[in-house]
Amino acid sequence: MKLTVLGCYGGYPTNNTGTSSYLLESDDFHLLIDAGSYSLLTLENHLDPLELDAVLLSHYHHDHIADLGVLQFTRLLKRDKHGNKASLLPIYSHDEDEIHFKQMTFENVSEGIAYNHDEKTTIGPFVIQHMKTLHPVPCFALKITERSSGKVLVFTADSGFLEEFNAFSEAADCLLADSNFYKGMENHSVHMSSKECGSIARKAKVKKLILTHLPQEGNLDDLVQEAKEETVDTEVLLAKKDTHYYI
Ligand SMILES: [Zn+2]
Ligand SMILES: [Zn+2]
């Protein structure tokens, strides 16, 4: 499967780069994971938004859903080169926030589908498992298995450190982790530090760690170095807009 970073900042966009959003592709299936600010424009560098097959959301904070409304408008108003309207877009999300969940459904444009976090969810070529995170609002980490290859991507979504991440990420081919903080900010109740991400990668024997939900301040290469200090055989990378990662 191919992961493309569309936005990688936490909280707010800056320097021509948006907030949390990723395109995951397999077998010609195009899944958008979170839809942060500026993600729709960045998506156009890779794919016509009409070609998206599904959307999967971790939670309803602005930096993860800011472009969802304009994505719905795009699918309402835009026509493809043959003059055809987009198909109904399934948006998989949790329904622990009723007001936001209702907004996922937009007549003839999109349909909200609640995932049950105790059960697996199948979306095209992917099977998804969910884990509730440590965050001020209900938020779910996503373990995404490509059915054809068995390859696994774990996305921590937004979370403070939880021991459960070690088991949830076990032997993942790629861990896309919330590293909003530099080392020294461990045990925060909203986000993780580079050190904590590295620690999960080591304990879970993760092959590739991609640090994301990045801070706007400081030297981001320090995050990589701090995570590397914790890891043994894991490749550690920074999420970068418009970059492809093959899993
Ligand atoms: Zn966030
Ligand atoms: Zn959040």
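Begin by selecting His213, which is buried, with a relative accessible area of 3%; buried means under 20% relative accessible area, exposed over 50%, and partly exposed in between (1.4 Å probe, protein chains only). The phi of His213 is near 50 degrees, a positive value in a residue other than glycine. Most residues other than glycine have a negative phi. His213 is located in the loop between E13 and H7. Such labels denote DSSP runs numbered from the N terminus: helices (H or I, at least four residues) and strands (E, at least two).

A word on conventions is needed here. The model is predicted, so local features need pLDDT of at least 70 and side-chain atom pairs count only at pLDDT 80 or more, while totals for chains, interfaces and linings use all residues. Residues are numbered from 1 along each chain as its sequence is written, chains are lettered from A and ligands numbered from 1 in the order in which they are written, and side-chain values use heavy atoms, with hydrogens and water left out.

Next, select Asp27, in the loop between strand E3 (21-26) and strand E4 (29-35). Is Asp27 buried or exposed? At 61% relative accessibility, Asp27 counts as exposed. Its phi is also positive, about 50 degrees, although Asp27 is not a glycine.

Now select helix H6, residues 194-203. Seven of its ten residues are buried, among them Cys197, Gly198 and Ile200. What covers the buried residues of H6? The cover includes helix H5 (164-168), strand E12 (174-178), strand E13 (208-212) and helix H7 (220-228). After H6 comes Lys205, with a positive phi near 55 degrees.

Then select residues 18-213, where UniProt, in an unreviewed entry, places the feature "domain: Metallo-beta-lactamase"; UniProt positions are given in the numbering used here, feature names are shortened, and annotations may be inferred rather than shown by experiment. Over this range the chain is 20% helix and 30% strand, and the end C-alpha atoms are 10 Å apart.

Finally, display the whole chain. It has seven helices and 15 strands, and its C-alpha trace spans about 55 × 40 × 35 Å along its principal axes. Buried residues make up 57% of the 247 residues. Colour the charged side chains: 22 are positive and 37 negative, and the centres of the two sets lie 4 Å apart. Here Lys and Arg count as positive and Asp and Glu as negative, whereas His and the chain ends are not counted; each charge is placed at NZ of Lys, CZ of Arg, CG of Asp or CD of Glu.

Technical notes: Contact = heavy atoms within 4.5 Å.
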